[in-house]
Amino acid sequence: MKTTYFPCVKGSMGDWTYYVTVMGVAELVRYVHFAEEVCPNKDLDNMIQREVSNRSKDIAEYLRTNDQRFFGSLIVAAYDGQPRFLPIAFADAPLMSQFQGSVGVLQFDGTEQYYALDGQHRLAALKIELDNNAARYQSDQVSMIVICHTKDEVGMTRARRLFTTVNRYAKKTSPATHTAMSEDDGVAITTRRLIREHTLFKERIKVMVLGKNGRAKIASGNAMSPSDHKYLMAIESFRKWLLPECSGVFSLGRIKV
């Protein structure tokens with residue numbers, strides 16, 4: 001099989017050793033599989049990943065319709081075998097000497113089995129889009145964190161624990177944060193514009209509050225206090241009041257703009 005090489009940084013956290021690298025979309029789809037393909041879920045003790053849902057279609061649409069597309073790193077596990085890390089020597093670069101042994105290339109010889117421990121819906125979306133329009137993603141590269149685990153009971157347990165830990169502590173963006181920051185949601189963009197420009201709402205919608213640590217944060221939920229005399233409501237309540245969504249149909253509700 002063909003041997004390929006990818007730029008890599010080696011790191012460690014706890015008792016995990018990991019490798020951070022990037023792959024082109026075509027290479028990613030070729031090398032990385034779904035967990036079910038490398039380890040069928042015959043029983044609970046072998047299950048190392050949840051099933052793929054229709055979320056992948058939504059992600060594929062995002063890829064297809066956005067030139068500013070971007071993904072966070074996929075966590076990819078080597079199920080059988082492991083890549084070979086080849087460190088780079090920095091004899092002629094004194095500044096890089098402190099990174100000796102941590103920067104190098106990752107060698108794939110094609111015999112290893114890799115699966116998406118975290119990011120399988122993104123992988124499924126990339127597979128869909130590569131079939132539809134491979135040329136669009138010819139220059140795209142996806143970052144990956146590669147870890148290795150054994151096929152025995154200990155290794156399978158470690159893989160499941162890592163998967164549940166990564167997903168347990170992943171926090172979805174709050175509705176208020178989404179409204180304040182999204183550049184793709186028309187409702188969020190319209191809400192911000194009204195807060196900035198409309199004479200009735202300018203400086204009357206509470207957007208920021210002080211947290212317990214004294215730092216400013218986005219006002220989530222109602223976020224109003226008896227002392228907030230200058231505000232009509234907080235940003236999250238404003239969006240719900242101003243722009244109701246009924247049966248999936250967008251409406252401007254009570255205010256004409």
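**View 1. The loop that holds E203.** E203 is found in the loop that runs between helix 7 (186-197) and strand 9 (205-206), where helices (H or I, at least four residues) and strands (E, at least two) are DSSP runs numbered from the N terminus. The model is a predicted one, in which local features need pLDDT of at least 70 and side-chain atom pairs count only at pLDDT 80 or more, while totals for chains, interfaces and linings use all residues. Residues are numbered from 1 along each chain as its sequence is written, and side-chain values use heavy atoms, with hydrogens and water left out. E203 is exposed because its relative accessible area is 58%, given that buried means under 20% relative accessible area, exposed over 50% and partly exposed in between (1.4 Å probe, protein chains only). The phi of E203 is near 65°, a positive value in a residue other than glycine. Most residues other than glycine have a negative phi.

**View 2. The whole protein chain, for orientation.** The protein chain contains 8 helices and 14 strands, and buried residues make up 37% of its 257 residues. Of the contacts in the protein chain with a separation of 6 or more, 67% are accounted for by residues 24 or more positions apart, contact here meaning heavy atoms within 4.5 Å.

View 3. On a 1 Å grid over the protein atoms alone, a pocket is an open set of points where a 1.4 Å probe fits, with protein on both sides within 12 Å along at least five of seven lines, and lining residues have an atom within 4 Å of a point. Among the lining residues are M13, D15, W16, Y18, I75, R158 and R161. By class, the lining has 8 nonpolar, 1 polar and 3 charged residues, with Ala, Val, Leu, Ile, Met, Phe, Trp, Tyr, Cys and Pro counted as nonpolar, Asp, Glu, Lys and Arg as charged, and the others, Gly among them, as polar.

**View 4. T150, between strand 8 and helix 5.** T150 is found in the loop between strand 8 and helix 5, and T150 counts as partly exposed because its relative accessibility is 43%. Leaving aside neighbours within four places in sequence, T150 is in contact with G155 and M156. The C-alpha atoms of T150 and A78, 72 residues apart along the chain, are separated by 8.4 Å.

View 5. Strand 7 (residues 113-118) is mostly covered, with 5 of its 6 residues buried. Strand 7 pairs with strand 3 (residues 32-33) in the parallel sense over 2 bridges, pairing requiring that DSSP find at least two bridges between two strands, and V32 stands opposite Y114 in strand 7. Y31, in helix 1 (residues 25-31), counts as buried because its relative accessibility is 10%. Y31 and Y114 are 83 residues apart in sequence but 6.5 Å apart in space, C-alpha to C-alpha; not counting residues up to four places away in sequence, Y31 touches K2, T4, F6, M23, F108, G110 and Y114. D118 has its place in strand 7 and counts as buried because its relative accessibility is 14%. The side chain of D118 makes a polar contact of 3.4 Å with the side chain of R122, a polar contact being a pair of N or O atoms within 3.5 Å, of which, within protein, one must be able to donate a hydrogen and the other to accept it, with residues adjacent in sequence counted only if both atoms are side-chain atoms.

View 6. N66 lies in the loop between helix 3 (55-65) and strand 4 (74-80), and N66 is buried because its relative accessible area is 16%. A polar atom of the N66 side chain lies 3.0 Å from the backbone oxygen of Y62, and a polar contact of 3.3 Å joins the side chains of N66 and T65.

**View 7. I218 in strand 11.** I218 lies in strand 11 (residues 216-218). I218 and M208 are 10 residues apart in sequence and 4.6 Å apart in space, C-alpha to C-alpha. Leaving aside neighbours within four places in sequence, I218 is in contact with A176, T177, A180, V207, M208, V209 and I235.
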